[in-house]
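Here is a friendly walk through a two-chain model, to be read with the structure open beside you.

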Amino acid sequence: MGSSSGVFHENYAQDMAIFPTKLHWGFLLAFLIILFACPFFSSDRILTLLTMMGIAVISVHGLNILTGFCNQISIGHAGFMAVGGYTSAVLCAKLGLPFWAALPCGALAAGIVGLFFGLPSLKIKGFYLIMATIAAHFIIIWTIIQLRSITGGPDGLSLPRPVIGGIALSSKTNYFYLVMILTCLATLLAKNIVRTRAGRAFIAIRDNDLAAEVMGISLWSYKLQAFFIGCVYAGVAGALLIHYFSFASTDQFPFMDSVWYLGMLIVGGMGSTTGAIFGAVALRLLDEVVTMAGPVLSAAVAPQAAASLALISHGLIIIIFLIFEPRGLYHRWEMIKTYFKLWPFSHQE
Amino acid sequence: MAFFIQLVVTGLAQGMVYALIAIGFVIILKCSEVFNIAQGHFVLIGGYLGYTFLVPFGLPIWVALGMAIATAIVMGLIIERLILRPLLGEPVLAVIMATIALATILGGLATLLWGGEYKPYHGLLPIISLKIGAVSLPSESLIGLIVSVICVALLMLLFHYTKIGLAMRATAEDLQVVQSLGIRATTVYAVSWVIACVVGVIGGILLGGVSGAHIELANIGIKAFAVVLLGGVNSIGGAIVAGIILGMLENVAAGYLDPLLPGGGLAQVFPFIVMIIVLVFRPYGLFGLARIERI
């Protein structure tokens, strides 16, 4: 996909730029201004939705680096989020650490646990790795419940509202800003990680791991790096989720969420940072629609219809995307952009 | 000692049911290289189908079993045609995600149709009891053991002495050869899904007869995965041996360790611990073939 006519890339930096023209920068600025102005004109409900979307985007970025770029399929992402969330929650509630220090600790803890459960990836792949990560999810949640004296076990753990530098993040608006800033940083970082040496190694491993190894890429090192980065992202997302509710409970990290994050990646488009955002936003919106439609349906059909609607719609949307648009929304978006760029001519070259 | 033997014997009966469910998984995997995450949800549907035909319809056990199997056959055909066939030749992740999505949909359907409630149907299966010394085997477990053994034997006969069984074994061996010999691979795939559905549903009725039909029945699928990994994913014999081993280990571990742990519930997480250990130390299981890859 070339750039618009009249735009010439005269050096490497221009060619590699994420936002190649002033127009792109303009769009970005406009988007950020609208995003950060949201609290002034939107209701609490929309702010909550946007905050949840932001957290999902961070989490899916991690999964995208791990699964989309490095092809190490993980269905334990919610488990790794739980590690990050619980570590920061325990540090805040039991040791009185401030929020800004607990968040990175949580992320680091999630990364280290991710390294541990990433170890089997050195010997196995595909289905076996999926099984190992599913096992990781359940073992993590079980361990959290067993460590009752530290984590509160099944009763959960309540923690103080987060404060950064004297600014209380108790209001929805302040927390929204925190999450959005972190989401933007995470996106920038994710976009840049895949352009580094490590990112290129991940792509080589995804395309053919044996060939990558023969070319001199250390599978041992890069697979574990992918697990570490992916799980650090999960840890940040998990910590943000728990601090948003000021309450830690294993119910916030159900197994279905692990599947759902992978679903976001499929709907958005694997191996694309923009796609990860599309997927997270689209499926959170779908969730919202289902939540709104649920009570109506429950009243009309049967009391359990709401719960089953959520499950069936989740499953159907994943299957529909897999069969009809396996490259996800991102591919669709690129096609639309190309169409308008080339209009009125029908195709390129 | 009697306590230990009791645990082992109960584990044996339970393990045989696990093995039966795991075989459904292995058959699909061997024939079409699809890892069917929804196997546990076939069991869930089976448990509820058993309830529906036995309690509200009040059918005798054999008719109910026949009806459940007929439903399973239709279910298998629909699933194969609508979901798996369009995904033929897609990467592993796409197919696995499709079966996960299928599992989600089946779970949603079970919630919708049966309310996801606990539906017991004890005492409707025939009663046979066995007592040797201090060890007694409850009637449900014994029936589970007998039915599983019969099913496994029937499957073995199917594989070795029928034309479709031969076609299935050949497809597992080499798809291209099979196609060039004029065997329809899609028929083989459809049959393998039907078999998986049927054994899942039978397993569901057996387990439902012991503990009642409930939404947690789907978790049995995860135990079946542990069995499959332990036995080696492409070995039916391995699945049987591993099913029995896992059933026994689980019962013994739960019997001796649960009183020591404050929260209990070791039986739930036990299959996962087995899985991780197997994956780290012997990824191809006890009887699986180590795959050699080329670029």
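## Where the chains meet

In this predicted model, 38 residues of chain B are in contact with 40 residues of chain A. On the chain B side, α4, α9 (220-231) and α11 (266-281) each supply at least two of the touching residues. The largest share, 16 residues, comes from α4(B). Sorted by class, the side of chain B that touches chain A looks like this:

| Class | Side of chain B that touches chain A |
|---|---|
| Nonpolar | 29 residues |
| Polar | 7 residues |

## The nonpolar core

Which residues have the most contacts inside the largest nonpolar core? They are M131(A), A22(B), V227(B) and M275(B), in a core of 204 residues. Take V227(B) as a closer look: leaving aside its neighbours within four places in sequence, V227(B) is in contact with Y18(B), A19(B) and A22(B), and also with A239(B), A242(B), G243(B) and L246(B).

Helix α3 of chain B runs over residues 61-84, which makes 24 residues. From its first C-alpha to its last it reaches 32 Å, close to the 34 Å expected at 1.5 Å a residue. Its buried residues are A64(B), L65(B), A68(B), A72(B), M75(B), G76(B), I79(B), E80(B), I83(B) and L84(B). What covers them includes a helix from the other chain, α14 (305-324) of chain A, together with α2 (39-54), α4 (92-114) and α8 (185-211) of chain B.

Now turn to helix α6 of chain B, residues 163-173, where M168(B), T171(B) and A172(B) are buried. Why do these three lie on the same side of α6(B)? They cover an arc of only 100° around the axis, which puts them there together. In general, an α-helix has 3.6 residues a turn, so residues three or four places apart point the same way. The buried residues of α6(B) pack against α1 (2-32), α5 (139-161), α7 (175-180) and α8 of chain B. On the face turned away from that buried side you will find the exposed residues K163(B) and E173(B).

## A lysine in a loop

Finally, look at K125(A), in the loop between α5 (99-118) and α6 (127-146) of chain A. Is K125(A) buried or exposed? It is buried, because 20 other C-beta atoms lie within 10 Å. The C-alpha atoms of K125(A) and S43(A), 82 residues apart along the chain, are separated by 45 Å.

Note on methods. Residues numbered from 1 in each chain as written. Chains lettered and ligands numbered in written order. Predicted model: local features only at pLDDT ≥ 70, side-chain atom pairs only at ≥ 80, totals over all residues. Helix = DSSP H or I, 4+ residues; strand = E, 2+ residues; numbered from the N terminus. Expected span 1.5 Å × (residues − 1). Buried ≥ 20, exposed ≤ 12 C-beta atoms within 10 Å, placed from the backbone. Contact = placed C-beta atoms within 7 Å. Nonpolar A, V, L, I, M, F, W, Y, C, P; charged D, E, K, R; others polar. Core = buried A, V, L, I, M, F, W, Y, C linked by C-beta atoms within 7 Å. Arc of directions from axis to C-beta.
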